[in-house]
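Here are a few notes from my pass over the model. Have it open next to you while you read.

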Amino acid sequence: MSGQIILSEYRPGEAAALVRLFYNTVHSVCLGDYTQEQVDAWADGTADPAVWEQSFLRHQTLVARIGGEIAGFADLDGDYLDRLYVHRDFQRQGVATALAQALEQRAAEKGFSRITVHASVTARPFFEKRGWRVVREQQVERKGVFLTNFIMEKDL
């Protein structure tokens, strides 16, 4: 599946679809870098779409579509790139690049000189190719399970 990537602002009511995309992406794409126990703790299937809805509305949230299907999403909270997930069927088609580029540009337009992300092992190479640098590796705990991720920064 490939086609033109269309970015749009988050629309109220899309949270349930984005929560599903998040869960499915973690359980498929990230399973190569994390154990089953780790992905189950990271995305346990209990994310509340109403809570995510409020978060998406507070943040600058973009949704990427290809052929009318939701291909991915990302959101920015000030100078922090909070979430960036691409549906497993749309990996390596420029979706993450389009989302990251748009949000980096928005952060720069808001006057931020640097942007930060907590990148998974899976996402780290993507961010490094885009000029982000690792500040430090860290262990985060989810439901008693530890996962490695990386605090990364990019100067804008």
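1. Let's begin with one side chain: is Asp75 buried or exposed? Asp75 is buried, at 0% relative accessibility. Keep in mind that this is a predicted model.

2. Asp75 has a charged partner, though: its side chain meets that of Arg83 in a salt bridge, 2.6 Å from N to O. Arg83 counts as buried too, because its relative accessible area of 10% is under the 20% cut-off. Arg83 also forms a salt bridge with Asp82, at 3.8 Å (N to O). Asp82 is partly exposed, with 28% relative accessible area.

3. Seven strands make up an open sheet with mixed pairing, in the order 1-2-3-4-5-7-6. Strand 1 (5-9) and strand 6 (133-142) are the edges, each pairing on one side only. On average, neighbouring strands are turned by 25° against each other, direction ignored.

4. Helix 1 (residues 15-28) lies across strands 2 (60-66), 3 (69-77) and 4 (80-86). Helix 1 runs at about 95° to strand 3.

5. Strand 5 (residues 114-120) and strand 7 (residues 145-155) run antiparallel and are joined by seven bridges. Thr116 stands opposite Glu153 of strand 7. Glu153 also belongs to a salt-bridge network with Arg114, Arg133 and Asp155.

6. The whole structure has 13 salt bridges. One to look at is Arg106 with Glu9, at 2.3 Å from N to O. This pair links distant parts of the chain, with Arg106 in helix 4 (residues 95-109) and Glu9 in strand 1, 97 residues apart. Both ends are partly exposed: Arg106 at 21% relative accessible area, Glu9 at 42%.

Technical notes:
Residues numbered from 1 in each chain as written. Predicted model: local features only at pLDDT ≥ 70, side-chain atom pairs only at ≥ 80, totals over all residues. Heavy atoms only, no water. Pairing = 2+ DSSP bridges. Helix = DSSP H or I, 4+ residues; strand = E, 2+ residues; numbered from the N terminus. Axes fitted to C-alpha atoms, helices over the stretch in contact; angles between N-to-C directions. Contact = heavy atoms within 4.5 Å. Salt bridge = Lys/Arg side-chain N within 4 Å of Asp/Glu carboxyl O. Buried < 20%, exposed > 50% of the residue type's maximum accessible area, 1.4 Å probe, protein only.
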